[in-house]
Amino acid sequence: MVILGISAFYHNAAAAIVRDGEIVAAAEEERFTRVKNDPSFPAKAIRYCLDDAGVSLDELDAVVFYDKPFLKFERLLETYLSFAPKGLRSFLQAIPVWIREKIFLKDLLHRSLKKLEPYDKKKLKLLFTEHHLSHAASAFYPSPFEEAAIITMDGIGEWATATISKGEGNGITMLREMHFPHSIGLLYSAFTYYCGFEVNSGEYKLMGLAPYGDAQSDAVKSYIEKIRTELCTIYADGSIFLHMEKFEFHTGLRMTNNTAWEKLFGFPRREKDAPMQQYYCDLALAAQKVTEEIIFKLAAEAKRITGKENLCLAGGVALNCVANGKLLEQEHFKHVFIQPAAGDSGGALGAALACSHIYFNQQRRIQAPDGMKGALLGPAYSEEEVVRVLRKNKAAFTRMENEDAMIDAVVMLLLQGKVVGWHQGRLEFGPRALGARSIIADPRHPEMQKNLNLKVKFRESFRPFAPMILAEYAEEYFHLSQPSPYMLIARPIAADKRYPLPADFSGWSISEKLALPKSVLAAATHVDHSCRIQTVHHETNPLLWKLLAAFYKSSGCPALINTSFNVKDEPIVNTPADALECFKRTQIDHLVIGNLFVSK
C-alpha cells in the first residue's frame, strides 16, 4: 500500500510518501526550487519521493491532498459576506484566483501530475482530507504512543483554527474545534506583523525577540492586560474570542487595524528593518506570555476530556519551542511528541498517514523512539556526485581517508574557533536543521553568536542559536528528562552552568545584552538563560553523535552550535551545489560534505 501526500498552494508546499504505514520519504518544494516557503505545486518534491520509493504514479494506491478546497471556499465567501462591505479590495483579488484555480483543484492536480509522467487518470484514487486532521495524523501516527491526546493549532485550515482530538490505535476522533476568525495562530501572527516581521515566516523572530522584553516592567504587565481585555477574550478551556474590530486579516490585506493598535499600545507598527525599540521587545514578550496561557489551558482541557497520559502536538503554533518547554513543566501529560514538520509542509505527511490508517484501515506499527526516522527523509548524495559538483566549480578539496579522520579534522577546526558547513546524509524534513544541512561551531566562544548572525547568516543580531547536545548530558545541562531530537523544546540552562547577570541587566540595550556571556554555552544561551535544545541520539543520527562525542572528549563540552545551512531569506541548502554556493557567499571557514573538505 503506497500513498503520496501533497500540501500546496498556500504556504511551504511539500510531498511525502508512505508505504504500509511507514514513512519512506518527505521533502519541501522550497529545497529544490530555492524559493523560500514556495507554495506552488510540489513537482520536484513529488518526483524525489516517487524516485526514492521506486514507484510510478500508476503504482500508487492513492494521492491525498492535505485539505478540502470547497470547505475553504465556503469559509472565504461567508467571511466576506459577514463583514461586507469591508474587504471589497481583498475580495476582488482573492475570488478570481479561487474560481480560476482552487475550486477546480482536482483538475489542477491531475494536470500537474500529468506533467510529471503519464498515468491512468481513471485508476488513480485522488482523495482530500481536512486540514486539521492532516495535522493531527502527522503527529499521532509517527508518535511512540498507542493512545494520546492530540492538539493542533495554526492560523487557519478550512474553518478550524485549533482542535483537540484523541488518538487510539489506528483511529483519530475529533472532540473539539475552534473556528475562524478566532485563532491562536492568527493572534500571534498579528503581533509578528505589528513588530515588523513577515507573517507566516517571521513568527520565530517574534519568539526570539520576546526575551529582550522586561517581564517585571509595568509596560509588559500593561500590554498583557490590554491583549486579554481589548484584543481577545480567553476562556477556561483554551478557546479564544478575538475582538475583530481591532484586526483586518478577515477583510483586508494586513493583519491589524493599525490605528486601533497604535491607540491601544501607544506606538506605531514597526516598519521592516527599522531600529528595534524596547517597546517592541516588551510587546513581543506580552504576546508570548498570552500565547503560553492559551496553550496551557488547551492542554488542561485536552487532558480533562481525553484522560490520556500522552500528548501529540502539530500545526504551526506547535513550533513555539518556548511554550513547548513550559508545557512540559505543567505536568498535565507524562510524555509529549511534537511533529518536527509541524506547519503546512507536515500536512502532506499527515494526509498520507491519515489515508493509510483511516481510509484504508491499516494497523499502526509503533516504532521507538518514533516513526520519523530523525526527520532525515530527504535526498542524499553520493561522493561521486559531490566530486562532480566540486570539480565543475573548480573547488579545491581534500578527501579524508575515513569517517574517523574526517571527524578528528572537524573537531580540530571547531576548537580553533572555525565555522564549519556540515552537509551529511539525507536532508531534513521540516523547518529545523538537525545535523544534516547545518552550520556548526563551538558554543563556548562569547563572540560566536554575533559573528554567525552578521558574517554568515546575514540576519538580525538578536536572533539566538541552538545547541545540539549528546542526549546523555541533556539532564545535567538542562534538567530535560525527555528527548528533544527535533529542536522543538526550549529549556533554561542549569543554574550551575550559568553566569550571574548584573542587577540592572533588564535596563541594558539589546546590543549590550547580546554581548554579555550568560553561561558556559555562551553563544547558544539566550538572554533569559534559555536554550532551544536538540538532543542527539546514537540510534537516529550516529554520525552526528560521533562528532559530538569526539568534541566532548577534546573539550569537555558535550554541545555544539547547530544552525541551519542557509542565509537570511533563503531555504536550507539541499544539494552539494547549494552548499558550495552558500559557502562561497559567506564567511563560513570550511565546508565538509561526506568525507570531503573544501577550505578557503
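Helices (H or I, at least four residues) and strands (E, at least two) are DSSP runs, numbered from the N terminus. This is a predicted model, in which local features need pLDDT of at least 70 and side-chain atom pairs count only at pLDDT 80 or more, while totals for chains, interfaces and linings use all residues. Residues are numbered from 1 along each chain as its sequence is written, and side-chain values use heavy atoms, with hydrogens and water left out.

**View 1. Threonine 33 sits in helix H1 (residues 30-33).** Its relative accessible area is 26%, so threonine 33 counts as partly exposed (buried means under 20%, exposed over 50%, partly exposed in between, with a 1.4 Å probe and protein chains only). Setting aside neighbours within four places in sequence, threonine 33 is in contact with Asp38 and Lys44 (contact means heavy atoms within 4.5 Å).

**View 2. Five strands form an open sheet in the order E3-E2-E1-E4-E5.** The pairing is mixed; two strands pair if DSSP finds at least two bridges between them. Strand E3 (22-28) and strand E5 (126-128) stand at the edges with a single partner strand each, so one side of each has no neighbour in the sheet. On average, neighbouring strands are turned by 20 degrees against each other, direction ignored.

**View 3. Strands E1 (residues 2-7) and E4 (residues 62-65) pair in the parallel sense over 4 bridges.** Look for isoleucine 3, whose bridge partner in E4 is alanine 62. Helix H2 (residues 43-53) packs on the sheet, touching E1, strand E2 (14-19) and E3, and its direction makes about 150 degrees with that of E3. Angles run from 0 to 180 degrees between N-to-C directions, with axes fitted to C-alpha atoms, for helices over the stretch in contact.

**View 4. The second largest pocket holds about 280 Å³ of space.** On a 1 Å grid over the protein atoms alone, a pocket is an open set of points with protein on both sides within 12 Å along at least five of seven lines, whereas in a cavity a 1.4 Å probe fits but cannot get out; lining residues have an atom within 4 Å of a point. This pocket has 16 lining residues, and Val336, Phe337, Gln482, Pro483 and Pro485 lie nearest its centre. Strand E12 (residues 335-338) gives the largest share of the lining, 4 residues.

**View 5. The largest cavity holds about 110 Å³ of space.** Its lining has 13 residues, with Gly374, Pro485, Gln534, Thr540 and Asn541 nearest the centre. Strand E18 (residues 530-536) supplies the largest share, 3 residues.

Notes: Grid points are joined across faces, edges and corners, and a volume is the space filled by probe spheres set on the points.
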